[in-house]
Amino acid sequence: MDIERVDTRNSAAVWYELLRAAHPVDTPEDPPPCRDDAVGQLVHPRSDRESLLFAARAEGTPLGAYLLQRSLLENTDTACFELVVHPAHRRRGVGRALIEHLAGQAKALGCTRLVAEVEDPLGEDGPGSRFATALGFTPVLRERRRRLDLAAVDPGEHERLLAAARERSAGYTTVCWRDYAPEEHAADYAYLFGRLSADAPMDDLAWEPERYDIERIRTLERHILLRGFRSYAAAARHDATGRLVGVTRISLPGCHRHFAYQEETLVLPEHRGRRLGLRLKIENLLWARRHEPELRLIDTWNADSNDWMVAINERLGFRELRRSAEWEKRL
Ligand code: ACO
């Protein structure tokens, strides 16, 4: 077995092929991965990150791969990664060999820790957790993935929740957009986006807050589009000041019409307690569905310790699908 760097401009499809092979074995209840997303993130890497793809091969056949990503702006000591071994080649030491190789690459970049997300069934630990434990990782942030099935939600319930939330949040106007924030709100959106990494619970994961300005948020918006996603956002404008004080975003992978991710949601501390989070989420769902009439399933992740966000999601009808966690290994 050889482990070699993949030239992502020409051979990024190997990553997609591995994800596609793993999907029916690991997460058959999820829609399949999209090629544009898997390949797009490699062919159009973010300029604020370093991305390295390494694949293990035997006689030219890909056995597994890891994608190492390191931010160039903050948390530069951290090598975030994804790792997948082809289901036909598991339990033969490929994963272990890839982690050892990854540790060497990370150290060469000056990193002092590895961080990755692993998902498990709701009950017992799955292969990812067992593997991570065997390789000396520890879970530092416990999360849960929840799924909203719009077909199972009484449409009147969302209307009632929205009416009550609007009443409690008078003095704010909702601003919606697709893909790119309107120019006049780009600076506020960038600030809110960065604020999320400071405000969301991180438990035992030490995380330096990320700072976004207009240029960085525009780069990110472009990157998301290049990966094939369609994004819908709703923000709360505080009428008294004209500033955006909260935002939420839904994104649909390019190859799906019925499936989306509920992405980041944030309300600034001084504007909390007025049901703005709930209001924005429902208004954004309505906004997205105007353009995406087939949308039915929406997945989201929350830290188990994020009581407020979890409560909002449960009220909207999100139900637990899997456990997940961020795992860390000090080098
Ligand atoms: N059940 C129990 N223990 C396991 C399992 C499992 N299914 N898989 C691996 N392990 C443990 C064992 O201790 C194993 O040693 P052993 O075989 O001598 O008992 C040790 O991990 C090393 O196993 P490898 O053979 O090197 O692992 P493999 O090549 O099968 O890859 C992986 C494991 C990456 C988890 C694979 O199942 C996979 O691709 N899963 C889907 C993606 C995923 O979960 N990625 C998360 C990786 S963990 C992380 O990123 C921190």
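Modeller: Let us begin with strand 3 (residues 61–71), which is mostly covered, as nine of its 11 residues are buried. Buried means under 20% relative accessible area, exposed means over 50%, and partly exposed lies in between (1.4 Å probe, protein chains only). Strands (E, at least two residues) and helices (H or I, at least four) are DSSP runs, numbered from the N terminus. This is a predicted model, in which local features need pLDDT of at least 70 and side-chain atom pairs count only at pLDDT 80 or more, while totals for chains, interfaces and linings use all residues. Residues are numbered from 1 along each chain as its sequence is written, and side-chain values use heavy atoms, with hydrogens and water left out.

Biologist: In which sense do strand 2 and strand 3 run?

Modeller: Strands of a sheet pair through backbone hydrogen bonds, either parallel or antiparallel. Two strands count as paired if DSSP finds at least two bridges between them. Here strand 2 (residues 49–58) and strand 3 run antiparallel, joined by 10 bridges. Ala 55 has Ala 65 in strand 3 as its bridge partner. Two residues lie between the strands of this hairpin, where Glu 59 takes a positive phi near 50°.

Biologist: How many bridges link strand 3 to strand 4?

Modeller: Strand 3 pairs with strand 4 (residues 78–85) over six bridges, in the antiparallel sense. Gly 64 stands opposite Val 85 in strand 4. This hairpin has six residues between its strands, and Asn 75 takes a positive phi near 50°.

Biologist: What is the order of the strands in the open sheet?

Modeller: The order of its 12 strands is 1-2-3-4-5-12-6-11-10-9-8-7, with mixed pairing. Strand 1 (2–5) and strand 7 (172–178) are the edge strands, each pairing on one side only.

Biologist: At what angle do helix 9 and helix 10 pack?

Modeller: Two packed helices are described by the angle between their axes and the distance between the axes. Helix 9 (residues 276–291) and helix 10 (residues 307–316) pack at about 45°, with their axes 10 Å apart. Helix 9 is therefore oblique to helix 10. Axes are lines fitted to C-alpha atoms, for helices over the stretch in contact, and angles run from 0 to 180 degrees between N-to-C directions. Angles under 35 degrees count as roughly parallel, over 145 as roughly antiparallel, 65 to 115 as roughly perpendicular and the rest as oblique.

Biologist: Is His 158 buried or exposed?

Modeller: His 158, in helix 6 (residues 155–168), is buried because its relative accessible area is 11%.
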